[in-house]
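This report describes one protein chain in plain terms. Look at the sequence and the structure first, then read on.

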Amino acid sequence: MAGEITETGDLYSPYVGLVYMFNLIVGTGALTMPKAFASAGWLVSLVLLVFLGFMSFVTTTFVVEAMAAANAQLRWKRMENHQEEEDDSSSSASDSDGLAQDNYERAETRPILSVQRRGSANLFEITDRVEMGQMASMFFNKVGVNLFYFCIIIYLYGDLAIYAAAVPFSLMQVSCATGNDSCGVEADAKYNDTDQCWGPLRRVDAYRIYLAVFTLLLGPFTFFDVQKTKYLQILTSLMRWIAFTVMITLALVRIGRGQGEGRPPPADLSGVRNLFGVCVYSFMCQHSLPSLITPVSSKRHLTRLVFLDYVLILSFYGLLSFTAIFCFRGDRLLDMYTLNFAGCDIVGVAAVRFFLGLFPVFTISTNFPIIAVTLRNNWKTLFHREGGTYPWVVDRVVFPTITLVPPVLVAFCTHDLESLVGITGAYAGTGIQYVTPAFLVYHCRKDTALAFGRGTLNKHRSPFHHTFWVGFVLLWAFSCFFFVTANIVLSESKL
C-alpha cells in the first residue's frame, strides 16, 4: 500500500539495485515507443527522449532527498520518544525534589540535543521504507494528500486499462492471422475490427472474447492479496531480455542486409503528443523508488548509480526505437512492437514468431494482479479514517469491484494502445513523475530547516538543490499539461 512504512527486508548490492531499477522502468511503454518515434520523426523523438529522461532523473533525485528527510524525521521522533520514556521512568522513581531536578535537567538537555541534530549525518540514512503516500502525509496538508492519491489512482487505472487491452489485442493479432491461413501477423496488413477472424467471428469479437477470458482468469486476484515473488520477477525479467534482444538483433540484421524499409522524417509535430505521453510513461519509476532504493546496502554513490541507470535506459530506448523505425516503414509499425516480428516475412522460425507475438501476454499477465491490488489498497487508504474499519462487503466486494470494472470497460471500448499509453503518461504520469516529487522536495526542505536548523545538510540532497529546479519542473509539468490538452482539442476539432 502506498501509505505504509515497511521493513527494509533483504539487502542487496548497489549494482543489483541498478538492475532492478532498469527492469522496472523498461516495461510495456518501451513496446509502444517505436510507433511513437515513427509518428513524430527521428530528430524530434531523440531530442524529446533525452530531455524527458533528464527531467525524470531530476525528479528521481528529488524523491531520494525526500526519502532521506522522511527517515530523519522518523528517526528523530523515535529518539525523542525514547528520551521521554527514560525521563518518565526516572521521574516516577524519585521524590518531588528529584522530579523538579529532572525537569530542570530535561530543559537543559533539549537544546543540546537540538544542536546534535545539525551535526548528525546518520539521521538522513535511508533505512525505513517510506512509501510516497506516507511522505505525502508527512509533508503535505490534507488537500495535498488527497490530490496525490487521486493522481496515483488515475495513473494505476490507466496502467490496468493498458494491460487489459494489450493482452487480448496481442492474442487477437496472432490467432486471427493464424486462423486466416497466414503464418503470422503481416506487418503491412491494415486490419479493421470488422474483418473476419474465424468463420463468422469478426476481429473485434475475438478481441472481446479474449478480454472476457482475461478478466475471468485474472480479475479474481483483485479480491485477494497477492504478492510478486522473487522467482516470478526473475522469470519475467528473463523473458523481457530475451524478447528485446531478439527484436533488436533481427532489426539490425535486416538493416545490415539492406532490407530496411524505414525512411522516417526528421520531424512531424502531429505525432509529438503521443510521443510525449509514451516517453513519460516509459520513464515512470518515482512511485516505486522507496521499494527499490531502501534495500540497497550501500548508498554512498547512489546519485551516480541512478545517473548511470538513466544513461543505460536512454541508450536502450534509442537502440530499440531507431532500429525499429529504420527497419520498418512508419505505416507498418504496430502499436505493440513485438507483433511486427510475428510474420513469416520477418522471422522464419515459428517458435520465435509465437514467442514474440505472445510475449506481452506472459509478462503483462503476471503484473496485472499486482497493479490491481495496489490500486485497491490505495482506494482503501484514501477513504481510511483513523481507528475505523470497513464493513466486510465494502472491504472485500466494493473496493475490488471499483478497481476492476473501469479499466475493463475502457479496454472493451478501445484497444488503441498508443493513445492509452500517451494519455496515461501525459496526464496522470505528469502528476506522479513531475508535480508530486517537486512539491515533496520543496516541503521536505522547509520542514528539515524548521526541525533541524538551516545549517543541516541532507547527505542525499539532490544535485539540483537550487529552488530554480523545483520551479522549472513545475513550469515544465504545467506546459506539458497545457500542450497535450490543446493538441487533443485541436485534433478533435479537425475531425
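How many of the eleven residues of helix H9 (residues 272-282) are buried? Eleven of the eleven are, and H9 is mostly covered. Buried means under 20% relative accessible area, exposed means over 50%, and partly exposed lies in between, with a 1.4 Å probe and protein chains only. The buried residues of H9 include Arg273, Asn274, Phe276 and Tyr281.

This is a predicted model, in which local features need pLDDT of at least 70 and side-chain atom pairs count only at pLDDT 80 or more, while totals for chains, interfaces and linings use all residues. Residues are numbered from 1 along each chain as its sequence is written, and side-chain values use heavy atoms, with hydrogens and water left out.

**The chain as a whole**

The chain has 15 helices and four strands. Helices (H or I, at least four residues) and strands (E, at least two) are DSSP runs, numbered from the N terminus. Of the 495 residues in the chain, 52% are buried. Among contacts with a separation of 6 or more, 86% join residues 24 or more positions apart; contact means heavy atoms within 4.5 Å.

**Two packed helices**

Two packed helices are described by the angle between their axes and the distance between the axes. Helix H2 (residues 28-40) and helix H14 (residues 417-452) pack at about 90°, and their axes are 10 Å apart. The axes are lines fitted to C-alpha atoms, for helices over the stretch in contact, and angles run from 0 to 180 degrees between N-to-C directions. H2 and H14 are therefore roughly perpendicular to each other, a term for angles of 65 to 115 degrees; under 35 counts as roughly parallel, over 145 as roughly antiparallel and the rest as oblique. On the H2 side the contact is made by Thr32, Lys35, Ala36 and Ser39, and on the H14 side by Leu417, Glu418 and Val421. By class, this contact of H2 with H14 has three nonpolar, two polar and two charged residues. Ala, Val, Leu, Ile, Met, Phe, Trp, Tyr, Cys and Pro count as nonpolar, Asp, Glu, Lys and Arg as charged, and the others, Gly among them, as polar.

**Pocket and cavities**

On a 1 Å grid over the protein atoms alone, a cavity is a set of points where a 1.4 Å probe fits but cannot get out; a pocket is an open set with protein on both sides within 12 Å along at least five of seven lines, and lining residues have an atom within 4 Å of a point. Grid points are joined across faces, edges and corners, and a volume is the space filled by probe spheres set on the points.

The search of the whole structure finds two cavities of 30 Å³ or more.

| Space | Volume | Lining by class |
|---|---|---|
| Second largest pocket | about 540 Å³ | 15 nonpolar, six polar, no charged |
| Largest cavity | about 90 Å³ | nine nonpolar, one polar, one charged |
| Second largest cavity | about 30 Å³ | four nonpolar, two polar, no charged |

H14 gives the most to the lining of the second largest pocket, with eight residues. The largest cavity is lined by residues including Pro14, Leu302, Val306 and Asp309. Leu302 and Val306 also line the second largest cavity, together with Phe57, Thr61, Val64 and Thr303.

Asn146 lies in helix H6. Asn146 is partly exposed, with a relative accessible area of 34%.
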